[in-house]
Amino acid sequence: MRVNTRNVLVICAVILAIGVAFIISSQYFLIAGIQEIETEEITGDLITAQHAIDRQGENLAVLASDYAGWDDTYTFISDLNPAYIKSNLVPETFSGIDIESILYFDTVGNLIYADSYDPETGEILPVSTLLADALQSLPLISSPASAGDELSGILNTPGEIWIFAAQPIRTSDRQSPSRGHLVMVSPFTSGTVTKIAKDTNMDIRMAPLPTGDDRAPGLTGADDTADTGIQIVRSQKEIAASTLVYDVTGKTSLLLTITSPRDTYLLGQKAVLNSVILFIIVVLIGSVFVYLYLGRHLTRRIENISRGVRKISGSASYHVRLIDGGNDELTAIVRSVNSLLDTIQTSLVQIEGAGRAREESERKYRHLFEAANEAIFILDGVVICECNRAAEEMTGCGRNDLTGKRLSEIMGTCSIDPDGNVLREHTEAAYAGEPQHFTCERHQDNEPVRHFSVSLSRFTGTKTVYLLAVVRDITTFVKNKEHLRITQFSVDNADDAIYWVKRDGSVTYGNIAACRSLGYTPEELTSLKTWDINPTLSPDTWPSVWNRIADGSRVHEESILKRSDNTAFPIAQTNSHLSTQGEEFTCIFARDMTETVEMREREKEALRQIEENLLSLAILNDHIRNPLTVISATADLHDTESREIILSQVDQIDEIVRKLDQGWLESAKIREFLIKHYDFEEDTDREERENDPEEK
């Protein structure tokens with residue numbers, strides 16, 4: 001479709017849309033507003049007419065109040081004085097105040113006196129029984145409790161509608177109790193309607209309604225205001241509002257209708273029509289000018305640009321440029337097209353270079369693919385379509401043999417997945433876009449079990465989605481991991497306590513024996529510093545200890561460790577330094593020396609006891625041999641039978657002492673042997689005691 005045709009269609013569519021929108025807005029806003037104003041005005045007039053009807057009763061109540069609040073009336077209700085009737089209830093009274101009936105009731109509703117006036121004949125007549133009964137039925141008249149109340153309004157009786165006013169009968173000062181009610185009644189006639197229409201200057205119509213039905217008769221109309229009981233009826237030229245008028249008993253009495261001409265509405269319709277005609281003329285004229293302007297300054301230039309672009313595109317002469325002499329947005333478009341042509345020309349050159357670079361890149365990535373240490377398989381669906389040299393070496397098969405096989409056939413049988421379901425699930429998940437990493441085993445006849453780490457990921461080719469499988473032989477890693485697990489188990493369950501300490505003094509590891517000997521959990525132990533468990537160390541002395549250990553030599557020494565309950569115990573420890581992956585550690589092997597120290601104390605005590613025994617033997621030898629010598633000499637001086645006996649006993653005692661001397665020598669040799677070969681410490685206190693004269 002040509003641009004000119006589109007311009008015409010767009011202009012027509014805009015005119016139509018604006019015209020319809022203007023008409024709709026005028027109809028739904030202006031005309032609706034006028035109708036709303038009409039409704040408000042006619043409703044106000046109807047309310048004014050209702051108030052005019054209410055004022056009829058109020059005016060009559062003023063007259064009745066003058067007669068009821070009169071001392072003569074107050075007396076008349078008691079004695080029915082004929083003079084009162086003769087002077088007040090005469091035709092002139094009824095015609096002068098424009099009423100038809102006057103009725104006097106006592107406080108319980110009994111009719112005391114009543115007169116009615118016929119305006120046509122000028123005669124005083126009896127009051128209608130229907131009227132009297134209707135008034136007596138009012139609670140205000142018949143109830144003594146309402147004797148002091150007043151009431152006025154409309155009363156609907158069969159065949160007649162009345163305006164009445166009932167006032168309590170009191171004295172002139174209004175202080176005396178009520179003796180009943182004085183009721184003045186005037187008929188509601190067409191003259192009353194005419195008078196109300198004249199007073200309100202409105203076209204009012206009132207239609208009497210039958211009595212005995214408390215329900216409002218149905219009204220028909222275009223609009224109904226349910227909350228006010230007003231119905232609106234509209235015609236082309238008039239608007240009418242109707243409502244029901246109720247009497248004092250709540251029964252429907254009149255259908256009140258007010259009619260008003262729709263001058264404002266008709267004037268608004270005429271204004272809207274004229275506005276629409278004027279709007280359409282203005283829009284048509286403006287559209288012609290817009291069409292001519294667009295054709296000259298926009299459409300023609302766009303067509304020139306379009307022809308130039310088609311010419312360049314058809315001849316592929318991207319060095320040719322568009323020409324436009326303007327200085328607006330179209331000129332900017334021409335410049336953008338020329339800039340695009342420059343870019344295309346540059347891109348063609350770059351594409352040629354990119355093709356060469358792509359070939360070079362393909363050679364590089366092919367080299368990386370072939371030189372990779374891991375076996376790489378490319379799967380099209382579930383079968384292998386490409387693999388590298390490492391895959392051939394790992395499987396021992398040629399590339400042609402691997403192509404077309406499934407990955408499960410290459411990986412062999414797995415003891416935990418003999419049917420290949422797990423591998424299939426990993427493959428499906430990888431094709432779904434979720435990379436997979438898992439390990440598997442390869443079991444083949446007469447071959448050791450081999451372990452593999454497999455990574456699966458999806459990539460998209462030109463038209464096909466492929467799966468990249470990278471397989472790494474981790475058999476050695478698994479074996480090393482098993483050896484490491486065994487080593488770790490051995491370290492964890494060693495009888496000696498083993499600690500790992502970092503340069504800053506923090507404990508990074510303690511085996512089960514270390515935790516058990518110190519009374520800490522592994523978590524508690526690794527939260528401590530080395531000086532928290534070794535009271536011989538402190539934050540100030542630790543750096544020098546670390547430097548001594550970090551020299552590379554193994555350090556053997558005895559020290560003291562402190563348990564969690566602050567009790568200490570001796571240890572023999574071996575310290576060695578390790579540096580790995582940028583971190584330095586000190587490994588401490590600690591053996592509890594509590595039993596060893598106690599054994600040393602027992603050995604020392606035994607040696608001391610031996611030395612004391614040797615000393616005692618030496619002393620005992622001196623103390624025994626000296627008396628024996630005296631006894632032997634003394635026995636030689638006496639040549640008696642007892643001499644032989646004494647000398648015999650002396651020889652026996654001397655033999656015993658000789659044996660004690662021999663035991664002393666053997667004990668001394670044992671002592672020297674223990675000191676020399678078992679690191680027993682010599683009791684220096686004994687030597688001091690031997691050298692001390694007082695001890696001797």
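Author: In this predicted model, strands β4 and β5 run antiparallel and are joined by seven bridges.

Reader: What do β4 and β5 form, and how many residues lie between them?

Author: They form a hairpin, with two residues between the strands. Gly159, in the turn, has a positive phi of about 85 degrees.

Reader: Which strand pairs with β5 over seven bridges besides, and in which sense?

Author: Strand β6 pairs with β5 in the antiparallel sense, over seven bridges. Trp162 has Pro187 in β6 as its bridge partner.

Reader: In what order do the six strands of the open sheet lie?

Author: The order is β3-β2-β1-β6-β5-β4, and the pairing is antiparallel. At the edges stand β3 (123–125) and β4 (151–157); each has a single partner strand, so one side of each is left without a neighbour in the sheet. From one strand to the next, the twist averages 25 degrees.

Reader: Over how many bridges do β1 and β2 pair?

Author: Strand β1, residues 101–105, and strand β2, residues 111–118, pair over five bridges in the antiparallel sense. Leu103 has Ala114 in β2 as its bridge partner. Helix α5, residues 129–136, packs on this sheet and touches β1, β2, β4, β5 (160–168) and β6 (181–187). The direction of α5 makes about 45 degrees with that of β1.

Reader: Let us turn to the nonpolar cores. Which residues of the largest nonpolar core touch the most other members?

Author: They are Tyr104, Phe188, Ile204 and Met206, in a core of 42 residues. Helix α1, residues 3–68, gives the most to this core, with nine residues.

Reader: Since a cysteine has been named, how many disulfides does the structure hold?

Author: The structure holds zero disulfides. Individual cysteines can still be read by their accessibility. Cys515, at 8% relative accessibility, counts as buried, whereas Cys12 is partly exposed, with a relative accessible area of 45%.

Reader: In what order do the five strands of the other open sheet lie?

Author: Their order is β18-β17-β21-β20-β19, with antiparallel pairing. Strands β18 (507–510) and β19 (555–562) are the edge strands, and each pairs on one side only. Here the twist averages 30 degrees from one strand to the next.

Reader: How many bridges join β17 and β18?

Author: Three bridges join them in the antiparallel sense, β17 being residues 497–502. Trp500 stands opposite Tyr509 in β18. A helix also belongs in this picture: α18, residues 542–550, lies across β17, β19, β20 (568–580) and β21 (583–592), and runs at about 60 degrees to β20.

Reader: May we close with a single residue? Is Ser559 buried or exposed?

Author: Ser559, which is found in strand β19, has a relative accessible area of 12%. As the cut-off for "buried" is under 20%, Ser559 counts as buried.

Reader: With which side chains does the side chain of Ser559 make polar contacts?

Author: There is a polar contact with the side chain of Asn534, at 3.3 Å, and a polar contact of 3.5 Å with the side chain of Thr536. Leaving aside neighbours within four places in sequence, Ser559 is in contact with Asn534, Thr536, Phe569, Pro570, Ile571 and Gln573.

Reader: And for the chain as a whole, how many helices and strands are there?

Author: The chain has 21 helices and 21 strands. Of its 696 residues, 32% count as buried. Among contacts between residues at least 6 apart in sequence, 53% join residues at least 24 apart.

Notes. Residues numbered from 1 in each chain as written. Predicted model: local features only at pLDDT ≥ 70, side-chain atom pairs only at ≥ 80, totals over all residues. Heavy atoms only, no water. Disulfide = S-S within 2.5 Å. Buried < 20%, exposed > 50% of the residue type's maximum accessible area, 1.4 Å probe, protein only. Pairing = 2+ DSSP bridges. Helix = DSSP H or I, 4+ residues; strand = E, 2+ residues; numbered from the N terminus. Axes fitted to C-alpha atoms, helices over the stretch in contact; angles between N-to-C directions. Contact = heavy atoms within 4.5 Å. Core = buried A, V, L, I, M, F, W, Y, C linked by side-chain atoms within 4.5 Å. Polar contact = N/O pair within 3.5 Å; in protein donor to acceptor, adjacent residues only side chain to side chain.
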